[in-house]
Amino acid sequence: MRVIAGSARGKVLTALPGEDVTRPTIDRVKEAMFSSVQFLVPGARVLDLFAGSGQLGIEALSRGAAQCVFLDANPDAVRVVTANCAAARVQDRARISCGDAFNYLHTARGPFDLVLLDPPFHKGTLAQVLPLLGRSLAPGGVVLCESELTADLPAAAGGLQRTRQYKYGKILVSRYEREGTP
């Protein structure tokens, strides 16, 4: 697993062993995700929820995001995110926290220009989290969700509208935007 573009390009990142804790996003999917938001990332305020290794948020910071909040409920994952941010030299723009995503979203200040979601698969987490994100998303902001291909995701939730879906083998990437945003 590596950073694929920007200031930390080529930097190898670490992850906790076992896909039940972290499931690294393959380069092809990560490249497609960031290509779809390439003009939004520079200067963006990013939220990497269910951060795991932090690779998605670090990719955003490497590509010029102004700041990223990393959140994961697993203390071991938070330690990996901290180490990866230091290795990629983006720790000065990272805020790393250990905590529950649902509790965080009830108190999140935001607004975020880009939210990256890659929760554990096969648990229905995205359908539960999406309704809580609308108030934390800035006008013109985007939510990118990585899920299993068979995930049952809503067309609209919490003021967000699904605008695109991309399929990559067994992976589904869904894009949501605030309703009423051009």
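In the predicted model, K30 is buried, its relative accessible area being 0%, a value that falls under the 20% limit applied to buried residues. This lysine lies in helix α1, which comprises residues 27-35. When neighbours within four places in sequence are set aside, the residues in contact with K30 are R2, I4, T25, Q55, L56 and E59.

The strands of the model are arranged in an open sheet of 8 strands with mixed pairing, in which the order is β3-β2-β1-β4-β5-β8-β7-β6. Within it, L49 stands opposite L71 of β2.

Two helices that pack on this sheet may be described in turn. Helix α2 (residues 55-62) packs on the sheet and touches β1, β2, β3 and β4 (112-117), with a direction that makes about 175° with that of β2. Helix α5 (residues 125-133) likewise packs on the sheet, where it touches β1, β4, β5 (137-148), β6, β7 (160-168) and β8 (171-178), and the direction of α5 makes about 175° with that of β5.

The geometry of helix α3 (residues 75-87) was examined separately. At 1.5 Å a residue, the 13 residues of this helix should span 18 Å, and this agrees with the separation of its end C-alpha atoms, which are 18 Å apart; the expected span is taken as 1.5 Å times one less than the number of residues. The buried residues of α3 are A77, V78, V80, V81, N84 and C85. Because these residues cover an arc of only 160° around the axis, they are placed on the same side of α3. The elements that cover the buried residues of α3 include α2, β2 and β3.

The two ends of α3 were also considered. At its start, a side-chain oxygen of N74 comes to within 2.7 Å of the backbone nitrogen of D76, whereas just after the helix R89 adopts a positive phi of about 60°.

Notes:
Residues numbered from 1 in each chain as written. Predicted model: local features only at pLDDT ≥ 70, side-chain atom pairs only at ≥ 80, totals over all residues. Heavy atoms only, no water. Helix = DSSP H or I, 4+ residues; strand = E, 2+ residues; numbered from the N terminus. Buried < 20%, exposed > 50% of the residue type's maximum accessible area, 1.4 Å probe, protein only. Contact = heavy atoms within 4.5 Å. Pairing = 2+ DSSP bridges. Axes fitted to C-alpha atoms, helices over the stretch in contact; angles between N-to-C directions. Arc of directions from axis to C-beta. Polar contact = N/O pair within 3.5 Å; in protein donor to acceptor, adjacent residues only side chain to side chain.
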